[in-house]
Amino acid sequence: MPTDTSPARQQAAHASLSPLARRFIALRQQTEALIQPLSPEDCQLQSMPDASPAKWHLAHLTWFFETFILERFEPGFTPFDAGFRVLFNSYYNGVGDKYPRPKRGLISRPSLDEVLAYRAQVNQRMLAVIGAVEAGADSAQQQELKELVTLGLHHEQQHQELLLTDIKHALSFNPARPAYASRWPLAGIHPQPVEWLRHEAGLVEHGYDAARDGEFAFDNETPRHKAYVAAFELASRPVTNGEIMAFIADKGYQRPELWLSMGWDWVTENKVSLPFYWQGGEGGYQHFTLQGLIDVDPNTPACHLSYFEADAFARWAGARLPTEFEWELAARGLPAGAAAQGNFVETSAFHPLPQQEGSRGLPAQMFGDVWEWTQSNYNPYPGYKPWEGLVGEYNGKFMCNQFVLRGGSCATPQSHMRASYRNFFPPDARWQFSGLRLARDLA
Ligand SMILES: [Fe+2]
């Protein structure tokens, strides 16, 4: 007899689930919705060692739940496929061997259909485990499960963003410049001048604050601690494409005095003369987006800039990048309810949008649109301790040679973001939706 999988039937089934189980299944379905515009061939592409095929993301996310939760909590655990333990392990040495990241695109089997079947089976097993533990286990086990599922869901959201940035990179190699999503109409653009928002010096608390940041944070956002912030001012909005065009017109990419030494080496070795995905010249620029090839809008926040480019632009503009503490201090000054509001993935623009209204004395577009490079090295906070167990490898071991970005982007799920969130990438990374906001010292 065929199974009834109608939306009404599924809705009825989900209505009986606990809040944690409902959140689990909803987030898993959001990942699958992201691949709806893609073909199986699209999902196979790996365009560079830093990016992964969409199919790998789908499988790896499932591996995470299978390895860290089912293996721990499911009676008589049997893996979906024993080979997946190595194939879809990203970087967890404590789990065992892993397939090399630069070669993920060579994995043609399992097929996309098999990976989707893997997801479906693990979803059902996860719902059964969540139901059983919530119904019968002791409170310590219930708490452990809840924490691991919550971590798995935030991991799922991180990869939702990576799936989009990786497929954008892959599609950019196609001369037809295929669009992932339909064109987002730009309307009501009112260019906004930069205002400089003043902050006085002080000893300020930074890091995850459960009362304001929600029930979850990664270990790298803790512990909350004090740091001295000198007086500074922060730009009311991110740097726009029009401002980057002025930097290009002023030969910004040809002037070594504007660049860090490593940045200048990077510019010359890679012959960088434009932001990533840009083409054209002074007569007009276009860039590849998830909406296909479009004209560069001068009022939209600039993105796909490396740390080196962000730093050079700031120097050219007579300013600097903010520290992550300055950024967080400004973000926490937003009125309640304004935090983590912005152009996130739910907008379905899949691209930054121009500022819609004036700043009224508050920083605009702190959340969403573009990740903002800070000048802060990705270091542990004072007293930092990685999580215990296998998931301790999640963040701490990457605290070297990377810089912190804040605020989320147009590819970030809104519920994934908070004022204390620390993203991090090496200084030459450009394929994320990374932009910048300027800061200046005050005497
Ligand atoms: Fe991962």
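Good morning. In this structure, Phe24, Arg28 and Thr31 of helix α2 meet Leu58, Leu61, Thr62 and Phe65 of helix α4, where contact means heavy atoms within 4.5 Å. By class, this contact has 4 nonpolar, 2 polar and 1 charged residues.

The model is predicted, with local features requiring pLDDT of at least 70, side-chain atom pairs pLDDT 80 or more, and totals for chains, interfaces and linings using all residues. Residues are numbered from 1 along each chain as its sequence is written, and side-chain values use heavy atoms, leaving out hydrogens and water.

Helix α2 spans residues 19-34 and α4 residues 54-73; their axes lie 11 Å apart at an angle of about 160 degrees. The two are therefore roughly antiparallel, a term for angles over 145 degrees on a scale from 0 to 180 degrees between N-to-C directions.

The search of the whole structure finds 1 cavity of 30 Å³ or more, a cavity being a set of points on a 1 Å grid where a 1.4 Å probe fits but cannot get out. The largest cavity holds about 50 Å³, and its lining consists of Gln44, Pro53, Lys55, Trp56, Phe88, Arg104 and Ile107; lining residues have an atom within 4 Å of a point.

The largest pocket, an open set with protein on both sides within 12 Å along at least five of seven lines, has a volume of about 980 Å³. Among its 41 lining residues, Arg101, Leu162, Phe424, Phe425 and Trp431 are the closest to its centre. Helix α7 (139-171) supplies the largest share of that lining, 7 residues.

How values were computed:
Helices (H or I, at least four residues) and strands (E, at least two) are DSSP runs, numbered from the N terminus. Angles under 35 degrees count as roughly parallel, over 145 as roughly antiparallel, 65 to 115 as roughly perpendicular and the rest as oblique. Ala, Val, Leu, Ile, Met, Phe, Trp, Tyr, Cys and Pro count as nonpolar, Asp, Glu, Lys and Arg as charged, and the others, Gly among them, as polar. Grid points are joined across faces, edges and corners, and a volume is the space filled by probe spheres set on the points.
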